[in-house]
Amino acid sequence: MTGIGFGTWSWGNQLLWGYRPGQDDPELKATFSAAVAAGLRLVDTADSYGTGRLNGRSEALLGQFLAEMEPAACRQMTVATKLAPFPWRLGRRGLVKAFQASRQRLQGRLDRVQLHWSTARYAPWQELPLLDGLADLVERGEVRELGLSNVGPRRLRVLHRRLAQRGVKLASVQVQFSLLAPEPSRPGGILEVSRDLGVEVLAYSPLALGVLARPSGWAPQSDTVLRSSLYRRLLPGSEVLRQAMAAIAAARGVTQMQVALNWCRAHGACPIPGFRRPSQVVDARQALNWMLTEDERRQLDQLSFESAVRMPDNPFQSA
């Protein structure tokens, strides 16, 4: 797909789009409905979003919302989930039970199954059998599409080749990509390799935990200890970059959030921000009405690569 999708995702023990302890489900449903009404047709989640007693909560809520949609509108959605290659999920059938559980929580609506991360760095014997098992699901018609997540360009080529030998198309690869995590856009990076292979790139955390949407001089009032620590590092270090984003936004009459999302789009990636409020959906939808110029993109590229701060690397990201 092109444009913007939306995701359910977690940070620590808090599930941010789909659920947080104490947050009312009606607000979540309103956010989901706003995203659908805005024409965002890809929704992404994972079986590991929701820890402890909230295990699978994101998928369960999403399944509930999908079931309440008009059937014709629901059929237009692409519902994607990621299955975690936990150590106890071994062999070609190691993800079968997880897949069935996810599909049940999603009330039968599952179009794309994704391997959540590569195990090549710490358990190389685990990865290919799990990938083959997911390909089996596609060949049997149990799911329409297959995707990857948190793999680098070298691993992407290996796994794409494995699937191509079986005649199974790789639909997408999902990686962290934003103005504070620009590495996928470097020469030979995941964006270039994906274009060569015909694989769509889904960009998670395109707003860098919301940092890229914050105006110059903004300071958080309250937040989790982990997020506060990141803000203390990322906000001062991204000040020059965010000032340039604000100038572009002001000249165009748009918001910094739209600038951040359109930078991902200008590089050929589909950003999947995690929404918590309907107002965020409206802003994202408006980002589809315009594109950065080549000069604007290059200016942001330069400032991004010159920035002294970066989003933390995902520990499961492979090379």
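Start with the surface view: the protein chain exposes about 13,700 Å², and carbon and sulfur atoms supply 52% of that area (Shrake-Rupley method, 1.4 Å probe; for residues, only the protein chains shown count as cover). Before you click further, know that this is a predicted model, where local features need pLDDT of at least 70 and side-chain atom pairs count only at pLDDT 80 or more, while totals for chains, interfaces and linings use all residues. Residues are numbered from 1 along each chain as its sequence is written, and side-chain values use heavy atoms, leaving out hydrogens and water.

Now switch to cartoon. Of the 319 residues, 55% count as buried, meaning under 20% relative accessible area with a 1.4 Å probe, protein chains only. Taking contacts with a separation of 6 or more, 79% join residues 24 or more positions apart (contact means heavy atoms within 4.5 Å).

**First stop: a helix pair**

Select 239-252 and 294-306, which are H9 and H12. Two packed helices are described by the angle between their axes and the distance between the axes. For H9 and H12, the axes come within 9 Å and cross at roughly 165 degrees; axes are lines fitted to C-alpha atoms, for helices over the stretch in contact, and angles run from 0 to 180 degrees between N-to-C directions. H9 and H12 are therefore roughly antiparallel, the label for angles over 145 degrees. Their crossing is left-handed, as the near helix is turned anticlockwise from the far one by less than a right angle.

Show side chains here. H9 brings Val-240, Leu-241, Ala-244, Met-245, Ile-248 and Arg-252, and H12 answers with Glu-296, Gln-299, Leu-300, Leu-303 and Ser-304. That contact divides into seven nonpolar, two polar and two charged residues (Ala, Val, Leu, Ile, Met, Phe, Trp, Tyr, Cys and Pro count as nonpolar, Asp, Glu, Lys and Arg as charged, and the others, Gly among them, as polar).

**Second stop: another pair**

Next, pick 256-266 (H10) and 278-286 (H11), whose axes come within 9 Å and cross at roughly 55 degrees. Met-257, Gln-258 and Leu-261 of H10 meet Gln-280, Asp-283, Ala-284 and Gln-286 of H11. Sorted by type, these are three nonpolar, three polar and one charged.

Click Phe-177, in the loop between strand S8 (170-176) and helix H7 (190-197). Is Phe-177 buried or exposed? Buried, because its relative accessibility is 0%. Beyond neighbours within four places in sequence, its contacts include Pro-182, Leu-191, Tyr-204, Trp-263 and His-267. Cys-264 is another contact; Phe-177 and Cys-264 are 87 residues apart in sequence and 7.3 Å apart in space, C-alpha to C-alpha.

Then go to Asn-150, between S7 (145-149) and H6 (153-166). Asn-150 has a positive phi, near 60 degrees, without being glycine, and at 2% relative accessibility it counts as buried.

Finish at Leu-209, in the loop between S9 (200-204) and H8 (225-237). Leu-209 has a positive phi of about 60 degrees although it is not a glycine, and it counts as buried at 8% relative accessibility.

Technical notes: Helix = DSSP H or I, 4+ residues; strand = E, 2+ residues; numbered from the N terminus. Parallel < 35°, antiparallel > 145°, perpendicular 65-115°, else oblique. Buried < 20%, exposed > 50% of the residue type's maximum accessible area, 1.4 Å probe, protein only.
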